[in-house]
Amino acid sequence: MARNDRPGQTEERRRLGTSDHAVEDALVQEFENTVTEGANRLNRTWRALAVTGLFGGIDVGLGLLAMLAVMDATGSKLLGGLAFGVGLYALRLAHSELFTEEFLVPINAIVAGHGTWWQLLRLWAVTLVTNLAGGWALAWLVVAAFPRFEDVLLESTAQYMEPGLTLETASLAILAGFTITLVTKMSQGSSDGIATLANSLISGLLVVGLGMFHGALSSAVIFAAMHAGAETTYLQWLGWCAWVIPLNIAGGLVIITLPRLVRTWELVRAEKEAQRARSAEGKSADEQAPSR
């Protein structure tokens, strides 16, 4: 029992809930969902990882198109960010992968004994590269199809590339990783279609509408501006990614994932013990099986 619990408090939570764990049933269900989904993601083939990541970047490109159309019509960055959420909604409906959505779900699976850190690094690397490739390709298509958006693009990308690394931009990068990871956690709590749409629009409004620095989402805007004739070079963009992406990771892992693991540590321990028990049973069954 936790030290801060009053006598009988843990037992009362168990009595009122349907699980045997001393945490809320909703957390138990969410934990089980994230472990199952995380294990599935970690154990995808290279081909499956590449395809889901590529389509993630393409979906982001769809959000870029919606953002440009709204900003061109209204001049509002906030409304443009809200429209960007259309691409994030498409991403979730299509079960594509976005790099910063991998900061919570797969890690839960790993600490629960259903994956390895090498698998996580593979997932991160492939998803990031294919997100960027898909975003680059669709950004080119958007610019070719709608040249009238070029002025909006050139203005939008300036907010990402001109300031450089400062306390303000570092904070914006941390907040971007935190926001997408938080929305991912919110999505795990509900499979309702309206909730998924709301979460996607919230992500677009906050991350894109407020001009946060996000490795995959902001890169789609930067790529489109480069296709439209911006003076930004790929080397400058790589230098930008070199500090934005680590800060995105820090925002997702430190602010959301680590506290969440502390909160559900009893569930992590129980799942690891269950894993060891199943492994021992499997070994025992193999030993008892008659040899041919």
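Colleague: Is Arg44 buried, partly exposed or exposed?
Modeller: Keep in mind that this is a predicted model. The relative accessibility of Arg44 is 23%. Buried would need under 20% and exposed over 50%, so Arg44 counts as partly exposed.

Colleague: How buried is Glu97, as a relative accessible area?
Modeller: The cut-off for buried is under 20%. Glu97 is buried, and its relative accessible area is 1%.

Colleague: How far apart are the closest N and O atoms of Glu97 and Arg41?
Modeller: Those two also link distant parts of the chain, with Arg41 in helix α2 and Glu97 in the α4-α5 loop, 56 residues apart. A salt bridge needs the nitrogen within 4 Å of the carboxyl oxygen. Glu97 and Arg41 form one, with the closest atoms at 3.6 Å.

Colleague: What separates Arg41 and Glu37 along helix α2?
Modeller: Their side chains meet in a salt bridge, 2.3 Å from N to O. In general, an α-helix has 3.6 residues a turn, so residues three or four places apart point the same way. Arg41 and Glu37 are four residues apart in α2 (residues 25-42), which means a separation of about one helical turn.

Colleague: Which residues do the salt bridges with shared partners join into one network?
Modeller: The structure holds three salt bridges. Arg41 pairs with Glu37 and with Glu97, while Glu97 also pairs with Arg44. The network is made up of Glu37, Arg41, Arg44 and Glu97.

Colleague: And helix α3, what follows it?
Modeller: α3 covers residues 46-74 and reaches 42 Å from first C-alpha to last, close to the 42 Å expected. The next residue has a positive phi, near 75 degrees, and is Gly75.

Methods
Residues numbered from 1 in each chain as written. Predicted model: local features only at pLDDT ≥ 70, side-chain atom pairs only at ≥ 80, totals over all residues. Heavy atoms only, no water. Expected span 1.5 Å × (residues − 1). Buried < 20%, exposed > 50% of the residue type's maximum accessible area, 1.4 Å probe, protein only.
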